[in-house]
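Me: I would like to learn how to read a few features of a protein model with care. Could you take me through them one at a time?

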Amino acid sequence: MTTIEVYRPSVAIVAEHPITAAGIVAHLAEHGFAAAGVAVTVEGLAAAGDAVVCDLRLPGRSGPDAVAFLVERGHRVLATAGAAGPEEILDVIASGARGFVPKTASVALFMQAIRDLIELGYFVSAEVARLLLSDAELRPLSSGDLGGTEIAVLRHFGKGDTATETADALGLSAEALADALAVVWARVGSRRVRLRPTPRERQLMTLVMRGCSHKEAAAQMSITALTVAGYLKSIKGKYLAAHPDVPESITPLTAARRWAQETGPTQ
């Protein structure tokens, strides 16, 4: 008698803590997935399978940088973290993650996120959908931002509808739904690139968040205090553009500190 093997989508995990990885592997097996491999760092991932679940808190390369590293190598990434603010989630999406799910999510939602990522190409939770809509409203591109279909899709996801429910409600095929989400993701990337701090600005933001003075930051970055002041002025301008609800009276130091806290420090 011939045994027919059922294909099981494979998922790799990048997580610093073995307990976290072991838990995800166990749940994958229970829900019809196979584990493609486990790594502590993105550089150490040998095989990725159909998707990669990447913790944003990793030794070495982490956060949006870790996601970008995996995406550049052709991997489809679902980001996760115990806690992540709106700005970090947007940065992670702009870096190429196809979805975000908090570690506090139920096992059912976590597994649905992986399934959507593999089958649809994206996972959109209600929280992320509302965040994407807010981002488009607060920071619209000068031209070519979201159209009616994309907005309608996000509104359905924002109400808690599943991908199937959203497609059915709007009369979209799975391919058309994926195309609409591809547009949403592209627009997020365009907005973040326009407002993203440079690597040196990010370094200064982290130093400020850690309590460094102008002089101390200048010494650590091997630049002058005048250059630090120039960086802080640029950071404040980008922060205000990215946060239209923040008053212009905010000081450059406060803007730098808040942004570092929102996006997560560099290493």
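**Reading a helix, a pocket and a ring pair**

Reply: What covers the buried residues of α4 includes β1 (10-14), α1 (18-30), β3 (51-55), β4 (77-81), β5 (100-102) and α7 (163-170), where contact means heavy atoms within 4.5 Å and buried means under 20% relative accessible area, with exposed over 50% and partly exposed in between (1.4 Å probe, protein chains only). This is a predicted model, in which local features need pLDDT of at least 70 and side-chain atom pairs count only at pLDDT 80 or more, while totals for chains, interfaces and linings use all residues. Residues are numbered from 1 along each chain as its sequence is written, and side-chain values use heavy atoms, with hydrogens and water left out.

Me: Which residues of α4 are buried?

Reply: An α-helix has 3.6 residues a turn, so residues three or four places apart point the same way. In α4, the buried residues are Phe 110, Met 111, Ala 113, Ile 114, Asp 116, Leu 117 and Ile 118. Helices (H or I, at least four residues) and strands (E, at least two) are DSSP runs, numbered from the N terminus. Helix α4 (residues 107-119) has 13 residues and reaches 18 Å from its first C-alpha to its last, close to the 18 Å expected at 1.5 Å a residue, the expected span being 1.5 Å times one less than the number of residues. Just after α4, Gly 121 takes a positive phi of about 100°.

Me: Which residues lie nearest the centre of the second largest pocket?

Reply: Rolling a probe the size of a water molecule over the atoms shows where empty space is left. Of the 21 residues that line the second largest pocket, Gln 112, Asp 116, Thr 162, Ala 163 and Thr 164 lie nearest its centre. Two or more lining residues are given by each of α4, α7 and α8 (174-195), and the largest share, 5 residues, comes from α4. A pocket is an open set of points on a 1 Å grid over the protein atoms alone, with a 1.4 Å probe and protein on both sides within 12 Å along at least five of seven lines, and lining residues have an atom within 4 Å of a point.

Me: How are the rings of Tyr 239 and Trp 259 arranged?

Reply: Rings of Phe, Tyr and Trp (its six-membered ring) pair if their centres lie within 6.5 Å, and planes under 30 degrees apart count as stacked, over 60 as edge-to-face and the rest as tilted. By this rule the count comes to 2 aromatic pairs. The rings of Tyr 239 and Trp 259 have centres 5.5 Å apart and planes at 70°, so this pair is edge-to-face. Tyr 239 and Trp 259 are both buried.
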